[in-house]
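Notes are below, in the order I took them.

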Number of protein chains: 4
Amino acid sequence: MSAPTATLLISCPDQQGLVAKIAHFIATHHGNIIHADHHTDFTNQLFLSRLEWSLEGFQLSRSQIGTQFSELAESLRANWQLHFSDCKPRMSIWVSKQDHCLLDLLWRQQAGDLPVEIPLIISNHDTLQPIAEQFNIDFYHLPINKESKARQEKQQLALLKQYNIDLVVLAKYMQILSPQFIAAFSSTINIHHSFLPAFPGANPYQRAYKRGVKIIGATAHYVTEELDEGPIIEQEVVRVSHRDSSDEFIRKGKDVERSALARAVRLHLQNRVLVYNHRTVVFD
Amino acid sequence: MSAPTATLLISCPDQQGLVAKIAHFIATHHGNIIHADHHTDFTNQLFLSRLEWSLEGFQLSRSQIGTQFSELAESLRANWQLHFSDCKPRMSIWVSKQDHCLLDLLWRQQAGDLPVEIPLIISNHDTLQPIAEQFNIDFYHLPINKESKARQEKQQLALLKQYNIDLVVLAKYMQILSPQFIAAFSSTINIHHSFLPAFPGANPYQRAYKRGVKIIGATAHYVTEELDEGPIIEQEVVRVSHRDSSDEFIRKGKDVERSALARAVRLHLQNRVLVYNHRTVVFD
Amino acid sequence: MSAPTATLLISCPDQQGLVAKIAHFIATHHGNIIHADHHTDFTNQLFLSRLEWSLEGFQLSRSQIGTQFSELAESLRANWQLHFSDCKPRMSIWVSKQDHCLLDLLWRQQAGDLPVEIPLIISNHDTLQPIAEQFNIDFYHLPINKESKARQEKQQLALLKQYNIDLVVLAKYMQILSPQFIAAFSSTINIHHSFLPAFPGANPYQRAYKRGVKIIGATAHYVTEELDEGPIIEQEVVRVSHRDSSDEFIRKGKDVERSALARAVRLHLQNRVLVYNHRTVVFD
Amino acid sequence: MSAPTATLLISCPDQQGLVAKIAHFIATHHGNIIHADHHTDFTNQLFLSRLEWSLEGFQLSRSQIGTQFSELAESLRANWQLHFSDCKPRMSIWVSKQDHCLLDLLWRQQAGDLPVEIPLIISNHDTLQPIAEQFNIDFYHLPINKESKARQEKQQLALLKQYNIDLVVLAKYMQILSPQFIAAFSSTINIHHSFLPAFPGANPYQRAYKRGVKIIGATAHYVTEELDEGPIIEQEVVRVSHRDSSDEFIRKGKDVERSALARAVRLHLQNRVLVYNHRTVVFD
């Protein structure tokens, strides 16, 4: 399976013959499908699909695929994206002072589990600069307070452009992005340290401890304007007991944070996540 | 292990020598401890403990245990309860129209897994009366609306008294108990069909579906005046995906509801749950 | 979605254009696909797929579907099955003395979660006859020992024929089926009370206890000639600790047995399980 | 809670008054118990306990504790160990070529979650030497083949002595220790990449894939002479499906390997694990 693949993510109003039409498009140009998964949301009469096929022997060039498929897509009134497995996206990780999510992502990328390049780390503190240096990744320390926020976000946007970044991962960044920023750069995954919608906002572990819950969790979601309300990609939980202090909640929580975030980022990078109506379809 | 046991649940301000003092009380009267678990809440400087010992060869009668221990307890400024394994408590199950939690509890009781007698089922509908008949349990149909609620709750309290009930289990009863009722009868376990504090109140599955969560859950808790805010005994979760409609959420949820409730009821009946500061210690 | 659906389960050597061809067959006769999932086993170059489409407005009669699809299937050298959602299969449950799996299946069927008819219960003991009566299901008590086994299996086969049974579920039947029986009736699901391949054969909980494991499990699988070696449909696990005696293993195990079995039976009845090479594809 | 604590792990034949006697010993010298958990194995009539108390204001010196408690222990025919929280044990990690368990342990130690010093890494390959250098830990490359094994194990034992090592952790070391080595150094934790007793020995993921299991796992256990038969400390599992190739089993397995191993090592280092009869009591 070393040949590159093309992946199509598509959503459109449901109608008869959709699978046949799309599969026909691939087959007629000699594409061999290696993954195809379709979902119908009957409430919204919406068809959602992911198809991945080998480019070995495929008779269209990459630009031709887009051009020719767009005709079909238009007739279906479809939203669609096309990705090629050998075009690695570029990801920027934003952190504050905690290192566990950052290290976990860097290790997985190094281990070959995340098909991505990571050229840029941004932080409002300089605590994790040594890790960036160790992994040979450019690090920018952009402290943020009420006054500097707007200015720093402009600087951040400039860096994203300069580094040609496709995806930002907030790996415990602990800052709220402004609507202006979100409008300017839309592809951001955040890890929130609670089982949303329980405990949105600040200090979720302390509040979970106070409430006496028996299970805590973490939620990886796309960032939208409303805090902790974006489409959820992945959630994970772990049991706690009366023996666990709120510090233990934090310690146990780190493990679910890093694994929920890593899985969400991997699913996104494999083009397995399709967002619609404030929710996700995860073709796993 | 067929001899009956005594179980002591105790909480008091922390101080040196507590385990020694309490264990000494048991040992000095020739009790053999078969379970002892202690917990210290350092935030509140509170000692909480559960001790269970065999009554075989124990040199105090049951009434003597209470009398003599109360002296020690007073000197420790302790709250305590004493239970005997051969005194089966009496439980009333309250239901609405759904049968899964009711059936599960009845089956477990019949299988010998719940040390309890179940002489009374109360419902605001008559849907589940056949199940009560099949298990030979008295069933009262007490329809409730805004006007009748106060009157029916009086009737319910009278039945609890008449049947000598120790514990009420709301097995998807779907009605909110009034503060007056809760003041009059305090030992009630409810199963809420969400992972609290997410989605308290009505229609949690529909709201979970709408939010696009990837995990749903159920919460068994003691009932207090504030809706869905009582001390949590047990929680359980199950994964959902985009393939699951809100009806599937309900179907999958039933399984976690019944198992979370069954475990909570069993822990309570085994005197393993100690409530303090709106939270529980579960000595399992 | 009240219109009946057709479900096609198919496996064949992988080649280009398979999805297109099969989807085209459905679309060309005006079938609206409501679920389509495809899997390629690259090790064996095998294409495996499940397609479900609405029969509302479909322009082929049920017999025509088979006839016409068989031509396509032949050209693909495919194995395939066709099922219709309104043709409820008929299931026989076989038990020994334990009731938890039987009761769980009966409840779920009654609750509408299992699309199946259950006209026949067979047991080598009469212990569970009252449950059969309560649910109005015919019950046959066929005691088995070494001498009577061959004779009783003939009787069992005759009953399966008489009752027109499509699926046998061994719900803790605790007897090994002979190769002759398996050759004569091939569609049987068993629940084994361990996390296979750990602890095949007798007394898995006792052996798990002795080994000091920290997690126990249950495995639902199709029955084949080799004991506990059949294709696995579903597995489930639960944590145990040193506090759990082997009796507690058995008690906790019951819960995972019944839920693993119920899920496996449901998946089978929804025609979501495809067996090949001693393994299963589960299109869930 | 910054004052150091003493932790007693003890097992002895069960008898009346054990908790009282041991707790009395602590109380009489003004020790404040912060954790006490007792377990009785009724099959073997064995009492097993862990007590941890603050040394603040305790009236015995560390050497006195041992001397005086040994008298009591002798009268109870007890096995016991005494640990002090401010005496950090020294751990050596042994690896082969895979880095995930090593990195995970090093991160956790650096994050303050593992109360241990790690002065020594040993490997039969030099692949992970850069990680050792990066963390400033001495690294010894001791290649092993049939001929060199006995000689290298002598060298390993010499290093353990030289570095004053208390615990060896085989973090995917992939070599079998000889009985001679095990006789000479007894405190070793291994991570096996299967849910034991399923798939002991080589290539567990390939075998799990071939068997078509739906859940895979990892097992952390003490090393004994019989391969993969030592007392189990911790196990963890993760779901797999037909979509997961055996390479995916390996990738998913890494996550459960590292977390099962990290938890086991932490429990050991906190003196929460008591071994008896080829099994463990984990006082968590």
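I am working from a predicted model, where local features need pLDDT of at least 70 and side-chain atom pairs count only at pLDDT 80 or more, while totals for chains, interfaces and linings use all residues. Residues are numbered from 1 along each chain as its sequence is written, chains are lettered from A and ligands numbered from 1 in the order in which they are written, and side-chain values use heavy atoms, with hydrogens and water left out.

**Chains A and B, symmetry.** I superposed the copies by least squares on the C-alpha atoms of residues with pLDDT of at least 70 in both.

**Chains A and B, extent.** I counted residues as in contact when heavy atoms come within 4.5 Å. That gives 35 residues of chain A against 35 residues of chain B. The copies meet through the same surface, because 100% of the interface residues of chain A are also interface residues in chain B.

Next I looked up buried area, the accessible area (1.4 Å probe) that two parts lose on being put together, summed over both. For chain A and chain B it comes to about 3,000 Å², with carbon and sulfur atoms giving 48%. On the chain A side, Arg211(A), Lys214(A) and His242(A) lose the most area to chain B, together 24% of what that side buries.

My salt-bridge rule wants a side-chain nitrogen of Lys or Arg within 4 Å of a carboxyl oxygen of Asp or Glu. I get 6 salt bridges across this interface. One of them pairs Glu234(A) with Arg239(B), whose closest N and O atoms are 3.0 Å apart.

For polar contacts I took pairs of N or O atoms within 3.5 Å; within protein, one must be able to donate a hydrogen and the other to accept it, and residues adjacent in sequence count only if both atoms are side-chain atoms. Chain A and chain B have 26 residue pairs in polar contact, both residues at pLDDT 80 or more.

**Which elements of chain A touch chain B?** Helices (H or I, at least four residues) and strands (E, at least two) are DSSP runs, numbered from the N terminus. Strand E2 (32-41), helix H7 (204-211), strand E11 (232-239) and strand E13 (279-282) of chain A each supply at least two residues. E11(A) gives the largest share, 7 residues.

**Chains C and A.** Chain C goes onto chain A with a turn of 180°, a shift of 0.0 Å along the axis and an RMSD of 0.0 Å. That is the relation of a two-fold axis. Here 20 residues of chain C are in contact with 20 residues of chain A. The pair buries about 1,700 Å², 58% of it on carbon and sulfur atoms. Gln16(C), Asn32(C) and Phe42(C) lose the most area on the chain C side, together 29% of what it buries.

I find 0 salt bridges here, but 7 residue pairs in polar contact. Helix H1 (18-28) and strand E2 (32-41) of chain C each supply at least two residues, and E2(C) gives the largest share, 7 residues.

**Annotation.** An unreviewed UniProt entry annotates residues 7-94 of chain A as "domain: ACT". Over that stretch I get 28% helix and 42% strand, with the end C-alpha atoms 28 Å apart. UniProt positions are in the numbering used here, feature names are shortened, and annotations may be inferred rather than shown by experiment.
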